[in-house]
Amino acid sequence: MCGIIGVTGARDACARLVAGLELLEYRGYDSAGVAVCDRVSGDLFRARVAEHGGSVERLSGRVADAPEDPGAAIGHTRWATHGRPTEENAHPHLDCTGRIALVHNGIIENHRELAAGLDGRGHKRTSQTDSEVLVHLVEESAAAGASLTESVRRCLSVVRGDFAIAVVSAAEPEVIVAARRTSPLIVGVAASVGIVASDVAAALATTRELYALGEDEVATVRPGTVEVAALDGSRVSPRRVEVSWSVQRALKGGYPDFMSKEIHEQPQAVRDTLLGRVDASGRTEIEELAIPDEELASVERVQLLACGSSYHAALAARQAVERWARLPAEADVASEFRHRSAVVGPRTLAVAVSQSGETVDSLHAMREASRAGARVVALTNVVDSVMAREADGIMYTRAGPEIGVASTKSHLAQLALLDLLALHLGRVRGAISGEELAEAAGALLSLHEAVETAVGRGDAYRAVAERFAHVEDVYFLGRRSGLPVAYEGALKLKELAYVRAEAYPAGEMKHGPISLVEPGVLVVVVATRTTLWEKVMANVEEMRARGATVLAVADDGDEETERLVDAVLPVPHVAEACSAVVNVVPLQFLAYTVARARGNDVDRPRNLAKVVTVE
Ligand code: AGP
């Protein structure tokens, strides 16, 4: 997690840093800081603030004291891993001379060993972070006369772990040295400016000429130029990043928060994601997939890998693959997959699902599947993300930048695209009849309209949700297609409203958890009309008999369900196979409303970061 931005060659470098940090805050918001080289005095200015959710705003006041003639400047917004979120642990970290500053995203695995060596050689460390060792290592080479670039290279050659770093030195006041391993970093140039950023959104206001750094590459960024080399110093041609987003898409655009904006962008996200990839006859085409149909036809099983909301999309996809492609499919939490002895081979299609394309657990799971011989596809929302670069094939959701920590539009886009992948596999394998194919394609193509209807009911959903703003104990239940929706609804309520919420297969409650059901417990159930509706309602009866209050996601006009529960969140009816895309929408509003009623910041919930780049 953590956001990095660096600018050199701009008089308004500090304003650009702050604007960039505002856009990067979603990556972490425990603390923030900047370091700026002073071209006049030759000194290094540093300011840091540790205030949950308000660090960048307060930092913008502090940079008023920054040099008037700035050289290279770097900034950071932090999600604490090693060391509490205090000012002394905030980045940038300085070396012992106070003339070199460094920001870091990732984890330095051998930091204890490195720190012991540094302490023994007389360095004074001032933080509890793993990151600080890096700046002292750079200091040692610089003191021996090496350039900043060479010093960074030497430092990284002894480091184990994941990192994206940016370093400046008062001795070379116009240079930023940037490097990465696993954690992403891009560099760019515009006329006489150079830029470094952990993602495209933060760099776009400066330039669209952006390059992605590869593994273990080190960039020397000067005003208007970038040189990239491998760790051994050999020159590398940087790879240009295709930018399809505009800066505006990463702004709130009149909504009170990013989450509201992103919920309202969901119909477009679903429509754009399917656009041109399926037609009414059921002809499917996934252009970047780059795995020939003949090879897909010989796949024997599908292994889905993901975390959080993406994992819930993977759970829904498992059902779609079984239904349409008639292939055995499994969905695993990525952080568990790589540590179990999963049986994966050359006839396995591994699909790693990740909004950001840089979740480190998913990335490692994807690499593990690839090592075991599977063909690996990254299904991600971020073009050129680390996972997209490493996979054999890519499937991009086209949801646009998602800034709110809670996944909303990217989740719906994932569900839709995974449905499409399942259909595609079914078609190339000949596992689905032409008639079924056309029917499923029709359902997918009209999905965005149903999502639009659901999103348009936001006020009505909010009014129902307000009645439950006080809840403390919630079960989310569903069966078959309703189960991944229940998981997602519970996750949203937990992460945004800080309410204990558990999701369960409705039929499983009676095997244990029902002992916890009593008056005061809220049960949220996905009770749309499927062939399992009667069974779901029998489970609802079991909850009500023990005093639970029941709130149901139900089909429009379903009076029978309405009579059997305490309140309903009505949704337009769609084919069960793709119903998760619609049914999750009222649960997003539920979580949003309960969170707001409790005064929580929905875009930046406590303890979380949008992009999880630590294991
Ligand atoms: C969802 O609301 C969460 N913020 C989180 O669970 C997220 O889905 C998870 O961290 C995975 O992220 P990714 O899709 O970027 O890999």
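Predicted model: local features only at pLDDT ≥ 70, side-chain atom pairs only at ≥ 80, totals over all residues.
Residues are numbered from 1 along each chain as its sequence is written. Local features need pLDDT of at least 70, side-chain atom pairs count only at pLDDT 80 or more, and totals for chains, interfaces and linings use all residues, while side-chain values use heavy atoms, with hydrogens and water left out.

**Stop 1: the ligand**

Select the ligand and the residues around it. There are 15 surrounding residues, and the closest are Ser 310, Ser 354, Ser 356, Thr 359 and Glu 495 (a residue counts if one of its heavy atoms lies within 4 Å). A ligand oxygen lies 2.7 Å from an N or O atom in the side chain of Ser 356. For Lys 492 the distance from a ligand oxygen to a side-chain N or O atom is 2.8 Å, and for Glu 495 it is 2.4 Å.

**Stop 2: helix 10 and helix 18**

Select residues 482-497, which form helix 18, together with helix 10 (residues 308-325). Helices (H or I, at least four residues) and strands (E, at least two) are DSSP runs, numbered from the N terminus. The two helices pack at about 170° with their axes 9 Å apart; axes are lines fitted to C-alpha atoms, for helices over the stretch in contact, and angles run from 0 to 180 degrees between N-to-C directions. Helix 10 and helix 18 are therefore roughly antiparallel (over 145 degrees; under 35 is roughly parallel, 65 to 115 roughly perpendicular and the rest oblique). The contact (heavy atoms within 4.5 Å) includes Ser 309 and His 312 of helix 10 and Tyr 487 and Lys 492 of helix 18. Lys 492 is also the residue with the 2.8 Å ligand distance.

**Stop 3: helix 10 and helix 14**

Among the residues in contact are Ser 310, Ala 313 and Trp 324 of helix 10 and Leu 415, Asp 419 and Arg 429 of helix 14. The contact residues divide into 13 nonpolar, 6 polar and 2 charged (Ala, Val, Leu, Ile, Met, Phe, Trp, Tyr, Cys and Pro count as nonpolar, Asp, Glu, Lys and Arg as charged, and the others, Gly among them, as polar).

**Stop 4: two backbone details**

Most residues other than glycine have a negative phi, and most peptide bonds are trans. Select Arg 326, in the loop between helix 10 and strand 17 (329-333). Arg 326 is not a glycine, yet its phi is positive, at about 50°. Then go to Pro 92, in the loop between strand 4 (70-78) and strand 5 (93-94). The peptide bond from His 91 to Pro 92 is cis, with omega near 0°.

**Stop 5: helix 3 and helix 4**

Finish with residues 111-120 (helix 3) and 132-143 (helix 4), whose axes come within 10 Å and cross at roughly 45°. Helix 3 and helix 4 are therefore oblique to each other. Leu 114 and Leu 118 of helix 3 and Val 133 and Glu 140 of helix 4 are among the contact residues.

Notes:
Polar contact = N/O pair within 3.5 Å; in protein donor to acceptor, adjacent residues only side chain to side chain.
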